[in-house]
Amino acid sequence: MRAVLGVMLAMFLTLSSSCSRRSSEPLAKPPAAVPSAIVEVSGGKQVSTIGTPLDQPVVVQVNNSQGAPVAGAPVRFHAANGVVFQPASGVTGSDGQFTFAVALGSLAGRYQIAASTTGAGGKTVEIRIPELALGFEENQGRQLSDFYCARCHDPESTPQRVSNHDNLIAPPHAFDDGAFLNKISERDLLAIISHGGPALGKSAEMPPYENTLNKSDIAALVAYIRAIADPPYQSREAVYAQR
């Protein structure tokens with residue numbers, strides 16, 4: 001009997017101790033200061049393929065009204081259906097920053113990633129970060145661009161590729177230069193890629209690719225150029241349809 005009472009007493013003390021520990025656990029700490037703004041640190045304007053994660057994580061920072069980072073601020077995310085965040089929410093670190101991974105949805109096009117926190121009076125403070133998902137043809141154009149075009153059209157060198165951009169007499173436009181390339185018709189883009197710069201009275205440093213790429217390849221390059229244009233490309237047919 002004493003043995004049974006001893007076991008019951010030990011169980012009671014264990015349960016009491018456990019409840020005591022749970023009740024004494026600290027609650028979530030409030031932010032170190034009142035959030036006033038949330039800003040992008042890195043990871044915006046990435047180009048990915050539909051349904052795949054972005055190459056780089058997205059980093060945001062919460063600041064107070066003086067522009068100083070806020071530690072412990074809650075951060076939440078949302079976007080169009082199909083976009084996956086990892087993690088979906090959390091709190092900022094001592095540097096006021098929060099890092100998360102993003103996988104875009106199954107539809108090609110531009111996405112807006114919304115990151116938000118809670119400011120004074122419970123008001124939502126939000127930032128929208130643009131990302132881009134390419135479809136099959138556009139992604140094919142991206143691969144062709146990386147292989148044939150980027151050495152001249154991208155001024156930045158990488159460990160895998162030394163840029164030739166600054167060595168040309170007429171420096172080529174970057175493929176995302178929508179301010180310039182959006183004004184060129186698809187017919188003219190097809191012509192200059194196929195027949196080289198002289199086809200449109202441009203520099204002969206732009207070689208013809210009609211004997212290197214087939215028509216579907218060249219069309220894919222044009223689709224890629226249109227997809228990544230900044231500002232975004234809007235076809236004349238789309239403008240007409242809106243009127």
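**The helix pair**

Author: The crossing of α4 and α5 is right-handed, a crossing being right-handed if the near helix is turned clockwise from the far one by less than a right angle, and left-handed if anticlockwise. The model is a predicted one, in which local features need pLDDT of at least 70, side-chain atom pairs count only at pLDDT 80 or more, and totals for chains, interfaces and linings use all residues. Residues are numbered from 1 along each chain as its sequence is written, and side-chain values use heavy atoms, with hydrogens and water left out.

Two packed helices are described by the angle between their axes and the distance between the axes. Here, helix α4 spans residues 186–195 and helix α5 residues 215–228; their axes come within 10 Å and cross at roughly 125 degrees. Helices are DSSP runs (H or I, at least four residues), numbered from the N terminus, as are strands (E, at least two). The axes are lines fitted to C-alpha atoms over the stretch in contact, and angles run from 0 to 180 degrees between N-to-C directions. The two helices are therefore oblique to each other (under 35 degrees counts as roughly parallel, over 145 as roughly antiparallel, 65 to 115 as roughly perpendicular and the rest as oblique).

On the α4 side, the contact is made by Glu-186, Leu-189, Leu-190, Ile-193 and Ser-194, and on the α5 side by Ile-218, Ala-219, Leu-221, Val-222 and Arg-226; contact means heavy atoms within 4.5 Å.

Elsewhere, Gly-121 lies in the loop between β8 (109–118) and β9 (124–134). Gly-121 is exposed, with a relative accessible area of 89% (exposed is over 50%, buried under 20%, partly exposed in between, with a 1.4 Å probe and protein chains only). Gly-121 and Val-34 are 87 residues apart in sequence and 9.5 Å apart in space, C-alpha to C-alpha.
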